[in-house]
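Please have a look at the chains first, then work through the tasks in order.

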Amino acid sequence: MDQELDAKGKKEFEERLKTDQNLADRVDFMQKLRKNFALQQYLNQEQAELLPLTNELGEQYFDQKGLTDSDPPTVPIPLIPMRKWGRISAAAIILIIGGVCLYWYMNRDLYTKDHLITEFYEPVLRNPRSGIKKSLTELTQDDPEYLQAVAEAADQSLNQQQFSSSQQMLEMLLRMDSTNTRKSDNINLEAAKWNLLVLGLLNLEPDSLLNQLMILQNGDASLKYQQGAERLRKKMKHPFYRWAN
Amino acid sequence: MTSKQIQNHRYLNALREGDRVVIEEIYRELSTPVSNFILANKGSREDAKDVFQETIMALILKLANEDLDLSGDFNAYFLAICRYKWLDRLKNRKHLETKKSMEDWVTKLEVSLDLDEMELQSLLRQEMEYQLYTEKLNELPNHCKEILSLSLKLNEENKKSHSLKEVAQILGKTYPYIRKAKSNCLKKLKANIKADARFHDLNK
């Protein structure tokens with residue numbers, strides 16, 4: 001390996017290196033030996049110049065400060081470096097933000113107006129199978145079944161998420177009932193009034209609706225609707241309600 | 001060049017050229033954090049001084065072999081080397097002290113070290129390789145050291161290593177003797193290096 005190689009010999013040698021592992025090991029060993037030997041020569045020279053300086057500075061900065069080993073360090077060194085603390089804090093913040101976002105994302109749908117209306121709506125017809133034979137379009141206002149058919153249409157529209165249609169039916173129902181001529185035990189008028197209030201989420205000013213819910217909560221409605229008003233008020237005041245709508 | 005890079009360049013240049021003023025600046029700036037760290041982790045002021053000096057030498061070794069391209073802060077890099085070196089010493093002390101607390105301490109300290117910097121790893125690896133090769137070379141019998149040193153040393157005139165004929169001439173021996181002796185010495189050196197645990201660490 002000490003001999004110089006011509007270009008052809010060099011190429012052959014390189015080819016052999018690729019296939020002969022023993023030769024490659026020997027070359028690698030010799031290269032490292034040469035490199036480290038040269039470094040040793042260099043360092044010996046450097047150390048001869050630098051060692052007196054580093055010894056002097058070492059004494060000056062480590063020995064001659066009037067300190068002893070028992071003196072406590074002036075600045076406590078954390079076992080976990082500050083950079084690591086920084087990473088841990090950043091990871092924690094990302095996790096918290098991620099958690100909040102995920103929680104918000106999973107809950108925002110629960111606070112949409114559509115969801116709240118569906119959640120709080122109470123069926124108006126007590127017994128939907130009470131023998132309404134015809135649909136609303138086939139009946140006239142004089143038919144005894146007409147009022148029940150309106151109530152049924154209100155419930156069905158709500159189930160199909162046709163909120164404005166349901167609202168119209170409920171308004172019609174309450175208007176017709178005020179004549180007090182077609183009262184039916186199968187119709188829950190308190191539920192109809194409650195539903196109209198709930199559907200107010202669509203077109204009433206939030207303050208006005210909250211006000212009305214407050215009145216209902218503290219009024220003489222049945223306990224079920226008082227509690228419903230309280231729950232709906234709380235949901236409307238929740239930050240998710242504002243974000244979701 | 002950023003101010004950090006200029007500062008890095010200034011410090012590395014000072015180490016390469018032995019600039020007293022700047023090297024003193026490094027001591028002034030870093031001796032306190034290094035000694036605080038070592039004092040807080042079962043070491044003494046003397047240990048701190050040794051570790052500091054070893055770190056300076058490790059950097060000089062690295063600079064002699066290749067350019068050190070520091071993208072980060074020199075001070076942080078220097079402190080990281082000191083921390084690693086101190087950890088290494090604690091590990092070696094573990095063999096002397098049988099206390100379990102020492103093992104716990106080393107484990108805790110190891111966790112706290114941020115050793116993922118490629119540059120730091122390369123420096124420590126190179127230093128380990130250097131120590132292994134030079135240590136084993138120095139452990140050889142005198143005649144081996146003589147033959148190998150001469151055949152590895154560059155001739156001042158032509159910047160090439162001595163041929164075996166030249167070595168034989170310098171040592172007043174025959175060429176076949178030197179040839180055989182060199183081959184045996186290299187085999188011995190290689191075997192000694194391979195038998196050392198550090199060789200396996202380097203080839204992981």
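A nonpolar core is a set of buried Ala, Val, Leu, Ile, Met, Phe, Trp, Tyr and Cys residues joined through C-beta atoms within 7 Å. A residue is buried if 20 or more other C-beta atoms lie within 10 Å of its own, exposed if 12 or fewer, and partly exposed in between, with C-beta atoms placed from the backbone. The model is predicted: local features need pLDDT of at least 70, side-chain atom pairs count only at pLDDT 80 or more, and totals for chains, interfaces and linings use all residues. Residues are numbered from 1 along each chain as its sequence is written, and chains are lettered from A, with ligands numbered from 1, in the order in which they are written.

**Exercise 1.** Find which residues of the largest nonpolar core touch the most other members.

*Solution.* Start from the 46 residues of this core: B:Val34, B:Ile38, B:Ala48, B:Val51, B:Ile81 and B:Cys82 touch the most other members. Next, look for the main contributor, which is helix 4 (residues 74–96) of chain B, with nine residues. (Helices are DSSP runs of H or I, at least four residues, numbered from the N terminus.) Then turn to the separate core of 28 residues, which includes A:Val124, A:Leu147, A:Ala151 and A:Leu170.

**Exercise 2.** Describe how helix 2 and helix 3 of chain B cross.

*Solution.* First, take the axes, which are lines fitted to C-alpha atoms over the stretch in contact, with angles from 0 to 180 degrees between N-to-C directions. For helix 2 (residues 20–40) and helix 3 (residues 45–65) of chain B, the axes come within 9 Å and cross at roughly 130°. The two helices are therefore oblique to each other; under 35 degrees counts as roughly parallel, over 145 as roughly antiparallel, 65 to 115 as roughly perpendicular and the rest as oblique. Finally, list the contact residues (C-beta atoms, placed from the backbone, within 7 Å): helix 2 of chain B supplies B:Ser31, B:Val34, B:Ser35, B:Ile38 and B:Leu39, while helix 3 of chain B supplies B:Arg45, B:Asp47, B:Ala48, B:Val51 and B:Phe52.

**Exercise 3.** Decide whether A:Gln161 and B:Lys42 are buried, exposed or partly exposed.

*Solution.* Begin with the backbone: most residues other than glycine have a negative phi. A:Gln161 has a positive phi near 60° and sits in the loop between helix 5 (146–159) and helix 6 (163–177) of chain A. Because A:Gln161 has 11 C-beta neighbours inside 10 Å, this residue counts as exposed. B:Lys42, with a positive phi of about 70°, is in the loop between helix 2 and helix 3 of chain B. With 17 C-beta neighbours inside 10 Å, B:Lys42 counts as partly exposed.

Conventions. Two residues are in contact if their C-beta atoms, placed from the backbone, lie within 7 Å.
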